[in-house]
Amino acid sequence: MADWEVLETIEKQYFSEVAKLGELCVRLELSISPEELLELSGLSIGTYKVRRGGRTYHYIKLMGVRTGDLSDREETWLVRRPTDDRERERRLRKETVHLKNLKLTPQNKELVEELHYYWQRAKALLKWLCLVRGSGEM
């Protein structure tokens with residue numbers, strides 16, 4: 001198999017994953033496109049519960065994470081090692097983006113897991129494509 005055939009196959013897989021991401025974004029009613037979703041550095045999925053009026057409601061919280069140059073905010077804090085008397089300043093560029101809160105149902109849980117799976121695959125294929133093309137940027 002020639003190099004261009006491998007590249008073509010990977011591109012087809014990538015566009016297939018992006019199409020599946022688009023379908024899941026529509027089904028979950030996310031206000032973000034698949035391309036914007038792939039620009040995120042991370043995808044965080046968590047569950048939480050809320051008690052209202054004697055009843056407990058369970059939800060899924062879907063968050064996106066931007067780090068490095070993609071982030072608009074920078075966190076700074078002072079750290080000190082136990083063996084060192086001086087404090088050092090640590091900086092981290094990290095920003096979280098709220099995507100959606102969903103009711104915790106088996107269907108929503110399955111859709112969110114699919115979203116995470118296809119997001120990981122598309123990110124990996126995009127990274128691989130950038131490396132193969134030699135551009136180095138995503």
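Trainee: What should I keep in mind about the model?

Mentor: It is predicted, so local features need pLDDT of at least 70 and side-chain atom pairs count only at pLDDT 80 or more, while totals for chains, interfaces and linings use all residues. Residues are numbered from 1 along each chain as its sequence is written, and side-chain values use heavy atoms, with hydrogens and water left out.

Trainee: How many helices and strands does the protein chain have, and what makes a run count as one?

Mentor: There are 3 helices and 5 strands, in the order α-α-β-β-β-β-β-α from the N terminus.

Trainee: Why does Glu-29 count as exposed?

Mentor: Exposed means over 50% relative accessible area, buried under 20%, and partly exposed in between, with a 1.4 Å probe and protein chains only. Glu-29 has 61% relative accessibility, so it counts as exposed. Glu-29 sits in the loop between α1 (3-27) and α2 (34-39), and its phi is near 55 degrees, a positive value in a residue other than glycine.

Trainee: Which side chain has a polar atom by the backbone oxygen of Glu-29, and what makes a pair a polar contact?

Mentor: The side chain of Lys-100, with a polar atom 3.4 Å from that oxygen. A polar contact is a pair of N or O atoms within 3.5 Å; within protein, one must be able to donate a hydrogen and the other to accept it, and residues adjacent in sequence count only if both atoms are side-chain atoms. Lys-100 is found in strand β5, and its C-alpha lies 6.2 Å from that of Lys-61, 39 residues apart in sequence.

Trainee: What makes a set of residues a nonpolar core?

Mentor: They must be buried Ala, Val, Leu, Ile, Met, Phe, Trp, Tyr or Cys residues, joined through side-chain atoms within 4.5 Å. The largest such core here has 28 residues, with Tyr-14, Leu-21 and Leu-115 among those with the most contacts inside it. Its largest share, 10 residues, comes from α3. Beyond neighbours within four places in sequence, Leu-115 is in contact (heavy atoms within 4.5 Å) with residues including Leu-24, Leu-37 and Leu-62.

Trainee: Why is the pair of Tyr-48 and Tyr-59 called stacked?

Mentor: Rings of Phe, Tyr and Trp (its six-membered ring) pair if their centres lie within 6.5 Å; planes under 30 degrees apart count as stacked, over 60 as edge-to-face and the rest as tilted. Tyr-48 and Tyr-59 come out at 5.5 Å and 25 degrees, hence stacked. Tyr-48 counts as partly exposed at 30% relative accessibility, whereas Tyr-59 is buried at 17%.

Trainee: And what kind of aromatic pair do Tyr-117 and Tyr-118 form?

Mentor: Edge-to-face: 5.1 Å centre to centre, with 70 degrees between the planes. Tyr-117 is partly exposed at 44%, while Tyr-118, at 16%, is buried.

How values were computed: Helices (H or I, at least four residues) and strands (E, at least two) are DSSP runs, numbered from the N terminus.
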